[in-house]
Amino acid sequence: MNIRDLKVFIVVAETRHLTKASKLLYMTPQGISRVIKNMESECDCTLFLRTGSGMELSECGKRFLEYAKTELEEYHNMRNDILRIRQQEHGVVDLLSAFGILRLVTPECLLDFKSKYPEIELHYRECPDLQIERWFQTGEGNVMFTLAPCDEELYEVLELESFPVKLLVNKKHPLSSRSSVTIQDLKDEPLYIESREFKIHHLIVDKCREAGFEPNIMFEASGFSLCHKMVRENKGISVTVDFVSDDMGHDDLVLIPFSDGIYEWKICMVTRKNESIGNGVDIFQKHVKSWMDRINTGSITR
């Protein structure tokens, strides 16, 4: 048996049904059944009990599941270790970026890096903040763009830029004439906000709970754009930062700062402590820092 077979076994054990497992594995039930039979033959035992309701693990199957999960975890750890060594040796930048940050750093920053350093491989992936951090914690990627706070016991953290989080309302909304707001002003207001995979969600929800109420969340979006759309239609309020709102470019929206505490969207570039980052990542970090400095001094525009 091989790693692929172990993955098949684990999915069948978790779904307890060949048809459900086939949809997740993109295999036919017959193909999955052959894999299971071959594993049972090799182990000389019955791993699953076929019942009218599906597939139940036998006692041997339950013990085998423990070993299978451990083996799969060790395999992924090994692959990640080898990948990191390759990245260090061959000049590979594997960037994991939280949504929204490349909008700030700009795609041109990455294109300029590729142009200046064609010998360094650059790969990047974008996902919500907390998903990106889970990937990085398990060893994927060798540099990460994410939002503070970051665990500075585990990571080397370089702050790139910080923006105040502000309330976003339609010009027709009663709050639009205010010069500032507090979190209490959100009480009972229909709120459109990024999902729980985004740190800005937890920032606002935690502030509301500290103020003694649950926010009236109408919808949890996968990004800023949908929230802006719902506010443009005056269906509710949202929260955002200046540069995102500027990119949206709608005159019928108003940004209002909070006056009752720190509401911050702080962007950081992160590597792992006690891990050699390699020449490629070192050059990339310096390039990004220089690019951001040029944006802030106005020598290039975002």
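Modeller: Happy to; we can go through salt bridges, cysteines, a charged patch and a few contacts.

Colleague: What should I know about the model and the numbering before we start?

Modeller: This is a predicted model, where local features need pLDDT of at least 70, side-chain atom pairs count only at pLDDT 80 or more, and totals for chains, interfaces and linings use all residues. Residues are numbered from 1 along each chain as its sequence is written, and side-chain values use heavy atoms, with hydrogens and water left out.

Colleague: Great. How many salt bridges does a search of the whole structure find?

Modeller: The search gives 20 salt bridges, where a salt bridge is a side-chain nitrogen of Lys or Arg within 4 Å of a carboxyl oxygen of Asp or Glu. One of them pairs K166 with D242, with 3.1 Å between the closest N and O atoms.

Colleague: Which parts does the pair of K166 and D242 tie together?

Modeller: K166 lies in strand β7 (residues 166-170) and D242 in helix α10 (residues 242-248), so the bridge ties together parts that are 76 residues apart in sequence. Helices (H or I, at least four residues) and strands (E, at least two) are DSSP runs, numbered from the N terminus.

Colleague: And is K166 buried or exposed?

Modeller: K166 is buried, at 16% relative accessible area, while D242 is partly exposed at 22%. Buried means under 20% relative accessible area, exposed means over 50%, and partly exposed is in between (1.4 Å probe, protein chains only).

Colleague: What about D282 and K286, where do they lie?

Modeller: Both are in helix α11 (residues 278-297), 4 residues apart, which is about one turn of the helix. D282 is partly exposed at 26%, and K286 is exposed at 55%. Elsewhere, salt bridges that share partners join D94, R125 and E140 into one network.

Colleague: Which residue forms a salt bridge with E214?

Modeller: That is R209, and the closest N and O atoms are 2.8 Å apart. R209 counts as partly exposed, with 48% relative accessibility.

Colleague: Switching topic: how many disulfides does the search find?

Modeller: It finds 0 disulfides, a disulfide being a pair of cysteine sulfur atoms within 2.5 Å. C208 is in no disulfide, and its nearest cysteine sulfur, that of C227, is 14 Å away.

Colleague: How far is K273 from E156 in space?

Modeller: They are 5.6 Å apart, C-alpha to C-alpha, although 117 residues apart in sequence. K273 is in the loop between β12 (264-272) and α11, and is partly exposed at 31%.

Colleague: Last one: where is the place of E71?

Modeller: E71 belongs to helix α4 (residues 59-90), and is partly exposed at 45%.
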